[in-house]
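Here's a quick briefing to read alongside the model. Have the viewer open and follow along.

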2 protein chains.
Amino acid sequence: MTEIDVKQRVLAANAAAADALRAAFRATGTLVVNIISSPGSGKTTLLEVTARALKSRLRLGGIDGDIATERDAERLRSAGIPARQILTGGACHLDARQIEKALGEEGPRLAGLDVLFIENVGNLICPTSYDLGEDFKVVLLSLVEGDDKPLKYPAIFARAAVTVITKADLLPHVDFDLSAVRRQVAALNPSGRFLVTSARSGEGMETWYAMLEEELAVKRGAPVQVEVVP
Amino acid sequence: MTEIDVKQRVLAANAAAADALRAAFRATGTLVVNIISSPGSGKTTLLEVTARALKSRLRLGGIDGDIATERDAERLRSAGIPARQILTGGACHLDARQIEKALGEEGPRLAGLDVLFIENVGNLICPTSYDLGEDFKVVLLSLVEGDDKPLKYPAIFARAAVTVITKADLLPHVDFDLSAVRRQVAALNPSGRFLVTSARSGEGMETWYAMLEEELAVKRGAPVQVEVVP
């Protein structure tokens with residue numbers, strides 16, 4: 001069995017587990033958002049601010065993937081929402097079975113949520129291939145990372161339904177061509193959404209919250225798919 | 001054959017190729033530096049500035065790993081040094097055989113250099129395990145990425161001989177506890193060096209250049225290891 005065979009077998013097993021998760025999340029009407037970025041782009045900060053803003057009207061929860069430390073889940077719990085840390089022990093992404101296991105162990109605290117945020121391991125490459133049963137992927141790009149990143153990491157920017165530019169408050173202090181990035185993302189992903197945010201200044205955050213509420217409403221309001229036997 | 005068996009076989013083959021590279025670099029007296037960081041920490045910018053500063057007195061060259069685009073090698077060539085782009089086609093790190101192949105194809109332009117910089121794929125995790133025949137690894141951390149990163153990605157900070165903090169000019173605009181990061185790195189890697197730099201302002205760059213020249217001198221001046229048969 002070659003390296004490629006093993007990778008395909010792993011991805012097939014992951015896809016089956018992700019399908020089971022997706023069915024479970026459909027049953028509970030939970031919107032699941034898989035958040036992916038480089039280390040330090042601001043995933044946890046975005047979720048902390050979101051938790052503080054929305055927790056009074058939505059039941060939110062988080063699953064945080066990291067190589068080491070419980071720090072991110074602790075930050076979300078401090079922001080007032082239940083959160084579970086998964087330590088991947090060196091693996092550069094989360095997989096669907098880890099999500100299944102975390103949900104099982106966490107029990108009622110992560111059951112029946114309105115929105116479950118999955119904060120993936122800080123990495124723009126590996127998490128791209130692993131379906132976690134989410135409704136959509138969100139990719140974050142801090143504008144300090146440079147305006148060539150969508151072209152250099154095209155897979156995640158093509159697959160994420162939403163690109164969130166973070167740390168917009170730093171724009172005056174760095175060289176970053178926002179319109180160039182917008183064009184790159186539009187070329188890779190014509191139907192994707194593109195938000196510019198700063199968790200610090202609050203810029204763009206209302207748009208982000210509105211988008212989450214809209215997606216949740218769509219998920220819950222959409223007519224049930226009926227299988228018609230001809 | 002399990003996933004773990006395949007990984008071990010891949011790493012063993014990589015180690016053999018890396019040993020051959022290391023012998024070749026020893027023969028030519030080339031200092032080889034494997035540079036690792038998240039996307040957008042400033043690897044290419046550090047090398048551009050270094051190329052401009054040192055190319056009149058040292059023969060420098062670069063090998064750039066990326067998922068997509070020739071952009072980084074082009075930037076180094078524009079800075080006046082030979083550079084070869086390796087596109088990994090989705091893989092999240094470079095391996096020793098890719099370096100061997102690139103050196104073979106590039107021929108004389110990358111032969112007999114004083115210093116060869118290998119700019120790895122933007123990723124704090126995957127490149128850690130792959131020896132490329134280098135003298136040492138350097139990990140970059142932009143201070144915009146947050147002051148918890150050494151603890152969250154301990155393997156690379158433990159293995160890199162040098163930690164380079166980048167974008168120090170942005171310190172007034174972000175929350176970053178430099179002394180906390182220094183303590184984290186010292187705990188993970190007591191013998192490692194720790195530099196604070198800004199390619200934009202020039203802060204710390206002379207220390208970086210001096211370190212490269214010192215390491216080159218050590219490599220060339222160190223007495224040849226003689227195997228004594230008892």
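Let's start with one residue: B:Thr166 touches B:Ser41, B:Leu140, B:Leu141, B:Ser142, B:Leu143 and B:Thr197, leaving aside residues up to four places away in sequence. Keep in mind that this is a predicted model.

**Around B:Thr166**

- B:Thr166 is part of strand 6 of chain B.
- Is B:Thr166 buried or exposed? With a relative accessible area of 5%, B:Thr166 counts as buried, because the cut-off for buried is under 20%.
- The B:Thr166 side chain also gets to the backbone nitrogen of B:Ser142, at 3.4 Å.

**The sheet in chain B**

- Chain B has an open sheet of 7 strands, ordered 3-2-4-1-5-6-7, and the pairing is parallel.
- Strand 3 and strand 7 (193-196) of chain B sit at the edges with a single partner strand each, so one side of each has no neighbour in the sheet.
- On average, neighbouring strands of this sheet are turned by 20° against each other, ignoring direction.
- Inside the sheet, 4 bridges pair strand 1 (residues 31-36) with strand 5 (residues 136-142) of chain B in the parallel sense.
- Which residue of strand 5 of chain B is the bridge partner of B:Val33? That's B:Phe136.
- Helix 8 (residues 205-221) of chain B packs on the sheet, where it touches strand 1, strand 4, strand 5, strand 6 (162-166) and strand 7 of chain B. The direction of helix 8 makes about 150° with that of strand 7 of chain B.
- Helix 2 (residues 43-54) of chain B lies across strand 1, strand 2, strand 4 and strand 5 of chain B, and runs at about 165° to strand 4 of chain B.

**Helix 4 of chain B**

- Helix 4 of chain B covers residues 96-106, and B:Ala96, B:Ile99, B:Ala102, B:Leu103 and B:Glu106 are buried there.
- Looking down the axis of helix 4 of chain B, you'd find its buried residues within an arc of 125°, so they line one face of the helix.
- As background, an α-helix has 3.6 residues a turn, so residues three or four places apart point the same way.
- Which residues are exposed on the other side of helix 4 of chain B? They are B:Arg97, B:Lys101 and B:Gly104.
- The cover over the buried residues of helix 4 of chain B includes helix 1 (3-28), strand 2 (60-66), strand 3 (83-87) and strand 4 (115-119) of chain B.
- After helix 4 of chain B comes B:Gly107, which has a positive phi, near 60°.

**Chain A**

- Chain A has an open sheet of 7 strands too, with the order 3-2-4-1-5-6-7 and parallel pairing.
- Strand 1 (residues 31-36) and strand 4 (residues 115-119) of chain A run parallel and are joined by 5 bridges.
- A:Leu31 is found opposite A:Val115 in strand 4 of chain A.
- Helix 3 (residues 71-78) of chain A packs on the sheet and touches strand 2 (60-66), strand 3 and strand 4 of chain A, its direction making about 175° with that of strand 3 of chain A.

**How the two chains relate**

Conventions: Residues are numbered from 1 along each chain as its sequence is written. Chains are lettered from A and ligands numbered from 1 in the order in which they are written. This is a predicted model: local features need pLDDT of at least 70, side-chain atom pairs count only at pLDDT 80 or more; totals for chains, interfaces and linings use all residues. Side-chain values use heavy atoms; hydrogens and water are left out. Buried means under 20% relative accessible area, exposed over 50%, partly exposed in between (1.4 Å probe, protein chains only). Helices (H or I, at least four residues) and strands (E, at least two) are DSSP runs, numbered from the N terminus. The arc is that of the directions from the helix axis to the C-beta atoms. Contact means heavy atoms within 4.5 Å. Two strands pair if DSSP finds at least two bridges between them. Axes are lines fitted to C-alpha atoms, for helices over the stretch in contact, and angles run from 0 to 180 degrees between N-to-C directions. A polar contact is a pair of N or O atoms within 3.5 Å; within protein, one must be able to donate a hydrogen and the other to accept it, and residues adjacent in sequence count only if both atoms are side-chain atoms.
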